[in-house]
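Please view the sequence and the structure first.

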Amino acid sequence: PLAVLHSTLDDAAQIHPSSATLSDFRADSALIHAETEALLGATALVTPHAELARRVGKHAALVPWKNPAGIQRVPSNGSRFRVFFPCSALARKGVYELAEALRGLDAELLVLGGASEGSQDPLGPVSHRRAGLSELGTADVLVLPAWVEHQPRLALLALASGIPVIATRACGLPPHPLLHEIDQPDPHAIRSHLELLMSPKYG
């Protein structure tokens, strides 16, 4: 819902006031009111998104995501731990929290999208590069610590391919043995899961 979306982005903007994107768009108040009224009058809200269903409560009808066919995993050429970020390096996708979590780790960040936070790019101190979707199979983990996420298709693809996923509850993913879910974008929680996955015991 737009009211929830706006509230979430406003909270994130207070934490990251230097972000050029967290406050760049807000819907008209009349549209928010109309949507809120429509949702209040709905008999049920049908969704595969677990977090949205949780917010709606008893009026939610949770249906399964359509699980994709997995892709083949390919060993990477290098020895560094590979972290796949399945979107652009934007604040609403949790790039600030991910950058802080990666600081000092012997890992390479693969970023799928091309948009960024401009001059405030938090990935400056982090080893990273642009990547294509074809490189997902070389990743050791997919990380999506998003503030908002409506269609976590690549996270579902990673899980179907046997690739561990670290994601926020906002991604709405279903329970899975390879899913490491965190309540909110939190660099300490992300790093804790990364260190677990990087440990020889886990590997």
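## Basis

This is a predicted model, in which local features need pLDDT of at least 70 and side-chain atom pairs count only at pLDDT 80 or more, while totals for chains, interfaces and linings use all residues. Residues are numbered from 1 along each chain as its sequence is written, and side-chain values use heavy atoms, with hydrogens and water left out.

## Largest pocket

The largest pocket has a volume of about 560 Å³. Its lining has 24 residues, of which Val-4, Glu-51, Arg-55, Trp-147 and Ala-170 are the closest to the centre. A pocket is an open set of points on a 1 Å grid over the protein atoms alone, where a 1.4 Å probe fits, with protein on both sides within 12 Å along at least five of seven lines; lining residues have an atom within 4 Å of a point. Grid points are joined across faces, edges and corners, and the volume is the space filled by probe spheres set on them.

## Second largest pocket

The second largest pocket holds about 310 Å³ of space. Among the 15 residues lining the second largest pocket, Pro-1, Leu-39, Leu-40, Arg-55 and Val-56 are the closest to its centre.

## Helix contact

Helix H4 (residues 95–102) and helix H6 (residues 187–198) pack at about 50°, with axes 8 Å apart. H4 is therefore oblique to H6. Helices are DSSP runs (H or I, at least four residues), numbered from the N terminus. Axes are lines fitted to C-alpha atoms over the stretch in contact, and angles run from 0 to 180 degrees between N-to-C directions; those under 35 degrees count as roughly parallel, over 145 as roughly antiparallel, 65 to 115 as roughly perpendicular and the rest as oblique.

In H4, Glu-97, Leu-98, Glu-100, Ala-101 and Leu-102 meet Pro-187, Ile-190, Arg-191 and Leu-194 of H6, where contact means heavy atoms within 4.5 Å.

Note on methods
Helices (H or I, at least four residues) and strands (E, at least two) are DSSP runs, numbered from the N terminus.
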